[in-house]
Amino acid sequence: MSLKLYNVLTRKKEEFVPLDGNKVKMYACGITASGDAHIGHAYQAIVFDVIKKYLDYSGYDVTYVRNYTDVDDKIILKARELGVNPKDFANQMMEKIDKELAAIYVDKPTIQSKATECIPDMISFIEKLIETGHAYSTEYGDVFFKVSSFPEYGKLSNRIVEDGLSGVRKSVEPGKLDDKDFALWKKALDDEIWWESPWGRGRPGWHIECSTMSMKYLGEQIDIHGGGKDLIFPHHENEIAQSESLTGKQFSKYWLHNGLIKVNGQKMSKSLNNGILLEDLLREYNPEVIRMSLLENNYRSDMNVIDGALEQHEEKIYHMYQLFSEVDKLGKENLDKESSIYQEIDKEFRMAMDNDFNTSLAITHIFKWVSEIRKLMKNLNNDTISQIIQIKESLVSIYKVLGLLQQDSNIVIKDIQNKYLTKYQIKEEEILEKIESRNEYKKNKDWEQADSIRKELMDRGILIKDSSLGTEWDIVLPLKK
Ligand SMILES: [Zn+2]
């Protein structure tokens, strides 16, 4: 089977055939460094991180460019509010966001570009558009793209220009000849950040950044251009118009867009104050809990994060790592990629992913194998032990593509336990003391007292289990509590 992906440009699921043999050129629009990264940013970064990793896994030679927008109206406004230099503010934000993305195992792209590092390239891009009649400068020092000069405008978002392009606000920009036209270069107001240009001091518009950076690092034509679906119009439509007007060639063969995040059914917004920041998620959840929660969704559909959704995945991951920790005690064996177990897990993983990156199905497969391990654990012998180890090692090796199952079992278990010990306001020493006094009561056959300690701990979220090895404790996760 080969990879099929949904191309937003053709509105069809198509076979993936790169422009140049085995080489894949991919660009995804990155974050505007005007504030902290939220769950929507994390989602987009994870989606394209997984797509990149799966293309690598499939044997392609991928060059992936992701940008930061480090100059724009919002950054300027925010920096002014804080009384700091906009460049310093953007740098500070990018450094912070880089760290947070690394914490959720989003790898750095092959090239991470910043808008402000490509200003001369943007200026020459705009100059060429003016020369060829696709753009015009105004007496006020702005430059606009002339939408009527590009008859295919609207082909990505499927909008018809004559419709009046619903979504375009009535313009108040002086010198603009048509409401549909959009800014390529904006004149700087007095105290704003600026660069010299043939049209005076100013800064680039947002759309021109991505076209320029994509062409600078990847050439005139690329295989995949990605971003959130909120970027389809006008951002990506404008990127196509600028780029294809300049080169006369198709800009990107495939356009991929991830769905948007809703919180309890509502769009995240400042006024509802329902935004979820990545740093808050990281404080609360193991990174794989965050990744799995987001990848359980089909990347193209919107995702509704409801209360308790992350806790569900936390519970699954906690119990899975508990099982893996038991598996580790059975011994070590090298992963055998020729084994039928590896082949089967790999095959079903590829089948899921080859179908437009169906991460949701791929995750279902993990838990099918986790159940299989549980079953085999009930009947341990040399044969089953080897099978169990091969299943676990195969999962760990293959699911690296999704950034899952990559942590040390005992560390994940301890992390999640410590989180709930703090929430339940109980310390491990206290639990151990209680278990000890319960054992004393049991020794003295005072069953009533012994049981009241068990109940007391249960009420506080701690489960105790007696076995031939002694008494062990475990936390009761919130959904079961
Ligand atoms: Zn972009």
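**Helix packing and domain contact**

Trainee: At roughly what angle do the axes of helix 10 and helix 12 cross?
Mentor: Helix 10 covers residues 340–354, and helix 12 covers 382–398. Axes here are lines fitted to C-alpha atoms, for helices over the stretch in contact, with angles from 0 to 180 degrees between N-to-C directions. The two axes come within 9 Å, and they cross at roughly 35°.

Trainee: What kind of model is this, and how are its residues numbered?
Mentor: It is a predicted model, in which local features need pLDDT of at least 70, side-chain atom pairs count only at pLDDT 80 or more, and totals for chains, interfaces and linings use all residues. Within each chain, as its sequence is written, residues are numbered from 1.

Trainee: Is the crossing of helix 10 and helix 12 left-handed or right-handed?
Mentor: The test is how the near helix is turned from the far one, by less than a right angle: anticlockwise is left-handed, clockwise right-handed. For helix 10 and helix 12, the crossing is right-handed.

Trainee: Which residues of helix 12 make the contact with helix 10?
Mentor: Contact means C-beta atoms, placed from the backbone, within 7 Å. Helix 10 brings Ile341, Tyr342, Ile345, Asp346 and Phe349. By class, the contact has seven nonpolar, three polar and one charged residues (nonpolar: Ala, Val, Leu, Ile, Met, Phe, Trp, Tyr, Cys and Pro; charged: Asp, Glu, Lys and Arg; polar: the others, Gly among them). From helix 12 come Gln387, Gln390, Ile391, Ser394, Leu395 and Ile398.

Trainee: Is helix 4 roughly parallel or roughly perpendicular to helix 6?
Mentor: Helix 4 (119–131) and helix 6 (232–247) pack with axes 10 Å apart, at an angle of about 65°. Under 35 degrees is roughly parallel, over 145 roughly antiparallel, 65 to 115 roughly perpendicular, and the rest oblique. The angle therefore makes helix 4, relative to helix 6, roughly perpendicular.

Trainee: Which residues of helix 6 meet helix 4?
Mentor: Helix 4 passes helix 6 in a left-handed crossing. Helix 4 contributes Phe125, Lys128 and Leu129. On the helix 6 side are Gln242, Ser245 and Leu246.

Trainee: How many residues of helix 8 are buried?
Mentor: A residue is buried with 20 or more other C-beta atoms within 10 Å of its own, exposed with 12 or fewer, and partly exposed in between; C-beta atoms are placed from the backbone. Cover for helix 8 (287–295) includes helix 1, helix 3, helix 7, strand 14, helix 9 and helix 11. Helix 8 is largely enclosed by the rest of the structure, because its buried count is nine of nine.

Trainee: Is Lys378 buried or exposed?
Mentor: Lys378 lies in the loop between helix 11 and helix 12. With 7 C-beta neighbours inside 10 Å, Lys378 counts as exposed.

Trainee: Which element gives the most to the side of domain 1 that touches domain 2?
Mentor: The domain assignment, automatic or from a database, gives domain 1 (4–263), domain 2 (285–410) and domain 3 (424–475). Their contact takes 24 residues from domain 1 and 22 residues from domain 2. Strand 1, helix 1, strand 11 and strand 12 each give two or more residues to the domain 1 side. The top contributor, with ten residues, is helix 1.

Trainee: How many helices and strands does the protein have?
Mentor: These are DSSP runs numbered from the N terminus: helices are H or I of at least four residues, strands E of at least two. The secondary structure comes to 15 helices and 16 strands.

How values were computed
Contact = placed C-beta atoms within 7 Å.
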